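Subject: Handing over the structure

Hello! Here is the structure I wanted to pass on to you; please keep it open while you read the rest of this email.

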Amino acid sequence: MNKLYILGFIGCIGLLGACTDDFEELNENPNAPENVDPQFLLANVISVEADQNAFYQGFRLANYIEQFAASVEFERIDRYEMGTNSEYWNIIFQLLSDIKSMRELPGTNEAYNAVGDIMQSFLFSQLTDLWGDVPYTEAVKALDGQFTPAYDTQESIYTDPERGILAVLERAATTLENSNATINGDVLFNGDLNKWVRFANSLRLRYLMRISKRLSDYSEIQALASSGKLMQSNADNAVLPYLNSAPNQYPMALSSLGLYQEHRMTTTVDSVLTLWNDPRVEVLYKPTQASVNAGTPEYKGLRNGQDRETIAEKGIDLNDISLFGAIFRDVPDAVDAQFMQYSEVQFALAEAAERGYITGDVEAYYRAGIAASFEYYKVGLPEGYLDQEAVTLNGSDNLTKIMTQKWLSLISNGHEAWFNVRRTGIPKLKPGPDNLNDNKYPVRYLYPESEQATNSVNYKAAAERIGGDNINSPSWWEKD
């Protein structure tokens, strides 16, 4: 599905704009078209969020925070100048409005509504995990004239028994399991409702593990682990492939060379992959140009959080620092826009079993997660890899090994690795020498300035509740 066609079509019918002159057959009121099919809104929501999660949020921003990428000069987020990320805030609310509109179209059905609930839950989880307390129950009432929504607590956003994310996902999965309805415009799973069920249940597992510090009853996690209704293989991955031709190529393939060269391999990921003797490095990064020229290709990382003066003073040769792999630049359809992979599900189950939340074979889950990650990147799993001291689960730092493998598997998958690091402290990511946050690892973005200006009463109440609108105020689920 051509994403620009989708956006242009919706824009011209007045949902994202008003340019109906060329569409005389449409309803005369461009702001309330009655003949729009919900498939166009669904395709738009999936494709726009996929681009955001994979590239604009994942590769461009989160890879610095998660220490998969180090900046050589311009990207101050690598030094923890976080800002508000207000563009993403606005995009999320626009997509939530699209979902609301999709529900109200004449051509909708229970399957569209359930899939909308799943995407809505994903979007709200992004909001609350990036900012903390956010508008939820009143979030999309702007279409009804409510422009100053109250902020819900993160606890209620996740756990409200009727309207919380976990409850909504469970109902959506049940609806789809029992539905004979069909959907179009599904650029993620091509209308396969069973895959949407597995995605919904896998998201529930993700979010239950997210809030696991606040839980005392882990029966929901056990039920999911035993259900057989989670992702079963990489064939169930919630990923949207990029295409070889514009405009559906991976955005980095169309971006400037300077932007690509700004993202370098880090000493953090270099040390981990070297410790594991991990061949995935050959896909995720490139040998340094200096080592290639010398005929001895090798990979080398740059420490995060250094400004250009420090890099210059240390005499660091950027020609001898690795760039990201060819899949991120040279081959426009070599990566997918990820929402969730099967490997993440297996690592979540391994963690749950290791912590005693569920019964199950920790090592089997762990090995399945590693194997799935290798398979996803089309890298053969070397003989003996899983038996290395640094990799095998032998009772020594099992949780660290599980979470570090999970961290690597989440490269460029939005901010998901950041959420896991914030929750577990694994791997231990140290601020760089020129960080702008008093040597603290940040845990959120600032609320957008627009909220302070137009929704100040609710903004101030939320900021006070979370401990202040600063990048070090922890979420409800990460507090000790």
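Let me begin with a definition: helices are DSSP runs of H or I with at least four residues, strands are DSSP runs of E with at least two, and both are numbered from the N terminus. With those names in hand, you can find N439 in the loop between α18 and α19. Please also keep in mind that this is a predicted model.

**The whole protein**

How many helices and strands are there in the protein? There are 20 helices and 6 strands.

Of the 480 residues, 58% count as buried. The protein exposes about 19,100 Å², and 47% of that is supplied by carbon and sulfur atoms. Among contacts with a separation of 6 or more, 74% are between residues 24 or more positions apart. As for charge, you will find 39 positive and 66 negative side chains, with the centres of the two sets 6 Å apart.

**Aromatic rings**

A pair of aromatic rings is described by two things, the distance of the centres and the angle of the planes. In this protein the count of aromatic pairs comes to 31. One of them joins F59 and Y250, which are edge-to-face, with 6.4 Å centre to centre and 85 degrees between the planes. Why does this pair tie together parts that are 191 residues apart in sequence? The reason is where the partners sit: F59 lies in helix α2 (residues 38-65), whereas Y250 is in the loop between β4 (238-241) and α9 (251-254). Both F59 and Y250 are buried.

Another pair to look at is F199 with F339, which is tilted: the centres are 6.4 Å apart and the planes make an angle of 55 degrees. F199 belongs to helix α7 (residues 193-210) and F339 to strand β6 (residues 336-340), so this pair links distant parts of the chain, 140 residues apart.

E451 is buried because its relative accessible area is 11%, and buried means under 20%. The C-alpha atoms of E451 and S86 are separated by 9.7 Å, although the two residues are 365 places apart along the chain.

**Backbone details in the loops**

Two peptide bonds are worth a look. The bond from A246 to P247 is cis, with omega near 10 degrees, and P247 lies in the loop between β4 and α9. The bond from I426 to P427 is cis as well, with omega near -10 degrees. P427 has its place in the loop between α18 (416-424) and α19.

That loop between α18 and α19 also holds D438 and N439. Phi of D438 is near 55 degrees, a positive value in a residue other than glycine. N439 is not a glycine either, yet it has a positive phi of about 60 degrees. With a relative accessibility of 62%, D438 counts as exposed, and N439 is exposed at 56%.

**One more stop**

Finally, look for T392 in the loop between α16 (362-376) and α17 (398-409). Is T392 buried or exposed? T392 is buried, with a relative accessible area of 15%. Leaving aside neighbours within four places in sequence, T392 is in contact with R367, L386, D387 and K401.

Enjoy exploring, and send me your questions any time!

Best wishes

Notes:
Residues are numbered from 1 along each chain as its sequence is written. This is a predicted model: local features need pLDDT of at least 70, side-chain atom pairs count only at pLDDT 80 or more; totals for chains, interfaces and linings use all residues. Side-chain values use heavy atoms; hydrogens and water are left out. Buried means under 20% relative accessible area, exposed over 50%, partly exposed in between (1.4 Å probe, protein chains only). Contact means heavy atoms within 4.5 Å. Accessible areas come from the Shrake-Rupley method with a 1.4 Å probe; for residues, only the protein chains shown count as cover. Lys and Arg count as positive and Asp and Glu as negative; His and the chain ends are not counted. The place of a charge is taken as NZ of Lys, CZ of Arg, CG of Asp or CD of Glu. Rings of Phe, Tyr and Trp (its six-membered ring) pair if their centres lie within 6.5 Å; planes under 30 degrees apart count as stacked, over 60 as edge-to-face and the rest as tilted.
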